[in-house]
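Good morning, everyone, and thank you for making the time.

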Amino acid sequence: MNWKDNVRRVTPYVPGEQPKDKNIIKLNTNENPYPPCPGAEKVLNGFDADSLKKYPDPNVTMLRQALADYHGVSFSQVFVGVGSDDVLGTAFLTLFGGDKPVLFPDLTYSFYPVWAELYRIPFREIPLDESFHIRPDDYRIPSGGVIFPNPNAPTGIYENKENVRKILDQNRDVAVIVDEAYIDFAGEDASVLSLLPEYDNLLIVRTFSKSRSLAGARIAYAIGSEEMIDCMLAIRNSYNSYTMNSVSIAAGTASVEDDAYFRNTVKKICDTRERFTREAEKLGFTILPSSTNFVFAMPPEKCPAAELFRMAREKGIYFRYFSAKRAEPYLRITIGTDEEMDLVLAFFREVYQN
């Protein structure tokens, strides 16, 4: 026996490629093409570097309070972490400790099964229907918890509140996590935050990486009942009490406070998404209805997804391609600026109209 026999082995999550060439049209990781708000930039430009010799606030008080005020909840209902992967990983470790399988869709965020395997959590993937929607009745089975993104990734499909409510009603005895990474692109009243007072088993997870242009700062948060958040804090503080750095706390707070900039950026992306969808459909693409900052697009048969993915890379255009069976005919295309999407459409016309 040697040390390798004690190693915990999993198949890791594979993140989207981060090319170093700045001339790449990078539409593969659902980042926001616009800069962070002016307030966040001001924080970064004027940050007191000398303060970094001290540990950051372990309670992330300033940012948690700003988020609590913004969403109309109490400070003790907010958990903050280093990107949504940190928040979700903590939630898995905290809330999914039973012996029954955790349920999530078969085509969804591919980190879910990785966490389940890492933490030795049994899980079961529930197939989406033919139109890539969740069937709430499929979740009417004994489980150790439920998690799903809304809108879903990589499909971009949004489930209305009544469908979410059905899942919650059928799973009142376990934690239900709704991963709202893309909710800001789904419309004004799309979030299930309004359901929180009714369900103490509901946890909502959000990120600053998409709509707030702070993917590089690694900021995310969860909102739930005070008891649920307290349980997550206990787990987090059992392995790392200083998760959020001082720069991100300050920049994130500035972002929350600049609501007008945030809303304007979201609107620009949604407008570009709708225009790009219309033009791509004219070329023969099949695009699922998107409530996110990306589209899930099936190219025409003349040049299927895998081949178009390869050709686009040669042109310096990066998409995301998933080889999983149901995703194989599609490309996930992040919505960039109007100028970037015009270049993508010009490339598509070159491929499909010649």
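Predicted model: local features only at pLDDT ≥ 70, side-chain atom pairs only at ≥ 80, totals over all residues.

Let me begin with the second largest pocket, which holds about 430 Å³ of space. Its lining is made up of 19 residues, and those nearest its centre are Asp184, Gly187, Glu188, Phe262 and Arg263. Which helix gives the most to this lining? That is helix 8, with 3 residues, and helix 8 spans 259–282, while helix 2 (61–71) and strand 7 (202–207) also supply at least two residues each. If we sort the lining of this second largest pocket by residue type, we find 7 nonpolar, 5 polar and 7 charged residues.

Now let us turn to the largest pocket, where the space comes to about 1,100 Å³. Here 43 residues form the lining, and Tyr13, Tyr109, Ser110, Arg320 and Arg332 are the ones that lie nearest the centre. At least two lining residues come from each of helix 3 (83–95), strand 3 (102–105), helix 4 (112–118) and strand 12 (320–321), and among the contributors it is helix 4 that provides the largest share, namely 3 residues. As for residue types, the lining of the largest pocket divides into 20 nonpolar, 12 polar and 11 charged residues.

Thank you, and I am happy to take questions.

Key
Residues numbered from 1 in each chain as written. Heavy atoms only, no water. 1 Å grid on protein atoms, 1.4 Å probe; cavity = no way out; pocket = protein on both sides within 12 Å on 5 of 7 lines; lining within 4 Å. Points joined across faces, edges and corners; volume = space filled by probe spheres on them. Helix = DSSP H or I, 4+ residues; strand = E, 2+ residues; numbered from the N terminus. Nonpolar A, V, L, I, M, F, W, Y, C, P; charged D, E, K, R; others polar.
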